[in-house]
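Hi there,

Here is the structure I promised to pass on. Please have a look, and my notes follow below.

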Amino acid sequence: MDLNSASTVVLQVLTQATSQDSAVLKPAEEQLKQWEIQPGFYSVLLNIFTNHTLDVNVRWLAVLYFKNGIDRYWRRVAPHALSEEEKSTLRAGLITNFNEPVNQVTTQISVLIAKVARLDCPRQWPELIPTLLESVKIQDDLRQHRALLTFYHVTKTLASKRLAADRKLFYDLASGIYSFACSLWNHHTDTFLQQIFTGDEAAATNSLERTLLSLKVLRKLTVHGFVEPHRNVEVMGFLHAVFERLKQFLECSRSIGTENVCRDRLEKTIILFTKVLLDFLDQHPFSFTPLIQRSLEFAVSYVFTEAGEGVTFERFIVQCMNLIKMIVKNYAYKPSKRFEDSSPETLEAHKIKTSFFTYPTLMEICRRLVSHYFLLTEEELTMWEEDPEGFTVEETGGDSWKYSLRPCTEVLFIDIFHEYNQTLTPVLLEMVHSLQGPTNVEDTNALLIKDAVYNAVGLAAYELFDSVDFDQWFKNQLLAELQVSHNRYKPIRRRVIWLIGQWISVKFKSDLRPMLYEAIRNLLQDQDLV
């Protein structure tokens with residue numbers, strides 16, 4: 001396909017392919033499909049989508065056709081594969097300028113370059129990474145951002161390759177550019193913090209975007225770029241710096257208020273910091289050992305003490321709870337029954353955990369989980385009232401514990417209670433004993449506390465098997481609570497029925513079932529059937 005003569009024709013057909021009229025659209029799509037295997041077609045597409053004077057929809061479509069062509073025809077063994085000569089020209093053209101003005105097109109081009117990099121970098125495309133590294137240093141805001149976005153997509157794609165030879169190449173890449181990536185991130189982070197505190201919102205927004213992108217690059221390099229990351233001083237230095245940066249960004253979020261244009265991006269960056277820690281813990285549990293103490297101190301401080309008041313937001317709390325949960329539950333940190341059979345790394349991690357989770361710390365975590373995070377909110381009570389089935393699905397569905405606060409708190413409670421049940425059982429039983437007898441229906445807070453404690457006893461049913469005489473509790477307390485008909489007692493009636501459901505397969509005498517069925521039969525007269 002001759003570039004000069006074909007460009008006009010291809011441009012015309014691409015324009016027709018953006019039409020809403022199917023009579024125009026269908027023939028254009030057929031024609032483009034035929035051209036996909038023509039030599040020179042992708043060079044024409046490159047010329048079209050890099051020409052900023054053309055209609056953006058046409059350029060966007062040209063990028064999509066180019067991107068699809070990479071999947072089908074870039075590999076040497078593919079039918080109708082592109083020639084090595086054309087691919088070389090295309091690779092050079094893709095990284096000549098990082099000056100695309102339209103964000104949507106920029107993202108597609110970045111993904112497109114990453115697709116080529118997956119197949120050709122570094123062997124057939126050794127100049128890609130050096131070009132990107134030089135381009136992210138450019139002072140021009142647009143070019144710098146576009147190069148950084150491409151740098152991120154390329155790093156993300158190369159990090160996802162799993163063959164041993166590809167892993168080795170990525171390790172070499174990470175070792176070569178890690179220091180630069182850290183410097184880049186620190187520079188953009190410091191610039192953002194300086195600008196936000198001087199009130200320059202527009203400049204701060206731009207710097208925050210670069211901070212976010214450079215942090216995304218570092219996340220991939222840190223998590224996937226090293227076999228033994230704990231032996232690399234720069235990697236561990238970055239991970240320790242994450243905690244300091246998190247504190248700075250949390251304080252920043254407190255000071256700028258909810259109306260600031262940076263707010264959404266700022267919260268995304270804070271969450272990304274926590275993802276760095278969570279991913280690193282997941283992939284390198286033993287390399288994470290030097291970070292266990294600091295991670296627990298940080299997360300527990302912000303979630304279970306006054307330090308987090310006015311600073312934290314829900315998704316951040318969820319992430320901190322996930323971090324605590326992953327440390328508590330991590331099998332790499334659990335010694336064998338015979339301690340001498342455990343590795344030194346496991347024993348070291350276990351020692352750190354044991355020294356942190358003292359009785360006062362565990363008691364405070366348990367009490368705060370039950371008396372603060374388990375309390376039903378006004379919104380949850382309304383949802384439970386109006387859509388009980390939807391409320392239950394939202395609480396228990398799929399991976400909701402990773403992202404939603406209530407399921408996350410309940411999973412954390414279960415895991416901590418399982419791990420430290422001998423310490424926490426007396427704490428929970430004391431809370432139960434403080435709630436003997438019916439609760440004043442006028443005292444909303446007392447009702448919510450009782451609901452929360454009953455929830456905890458239901459979640460910990462298997463752990464409490466030997467500590468709770470559930471049959472006596474049912475006869476002396478719970479049965480009477482089911483018979484309180486006041487409308488404000490509805491949450492307690494619901495919770496008691498749920499609680500019995502949790503325990504019935506754990507510890508519940510069969511001769512008590514007629515009493516239970518009679519209580520349920522009476523409840524069915526209520527409008528609250530669901």
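Below is what I found, going from the whole chain to two places in it.

This is a predicted model, in which local features need pLDDT of at least 70 and side-chain atom pairs count only at pLDDT 80 or more, while totals for chains, interfaces and linings use all residues. Residues are numbered from 1 along each chain as its sequence is written, and side-chain values use heavy atoms, with hydrogens and water left out.

The protein chain has 25 helices and 0 strands (DSSP runs of H or I with at least four residues, or of E with at least two, numbered from the N terminus). Its C-alpha atoms fill a box of roughly 90 × 60 × 50 Å along the principal axes. Of the 530 residues, 50% are buried (under 20% relative accessible area, with exposed over 50% and partly exposed in between; 1.4 Å probe, protein chains only).

Now to R210, which sits in helix α10 (residues 201–224). What is the nearest side chain of opposite charge to R210? That is D141, 4.2 Å away, and R210 is buried with no salt bridge (a side-chain nitrogen of Lys or Arg within 4 Å of a carboxyl oxygen of Asp or Glu; Lys and Arg count as positive, Asp and Glu as negative, and His and the chain ends are not counted). A polar atom of the R210 side chain does lie 2.9 Å from the backbone oxygen of N206.

Lastly, I520 belongs to helix α25 (residues 513–523). I520 counts as partly exposed because its relative accessibility is 31%.

Best wishes

Technical notes
Polar contact = N/O pair within 3.5 Å; in protein donor to acceptor, adjacent residues only side chain to side chain.
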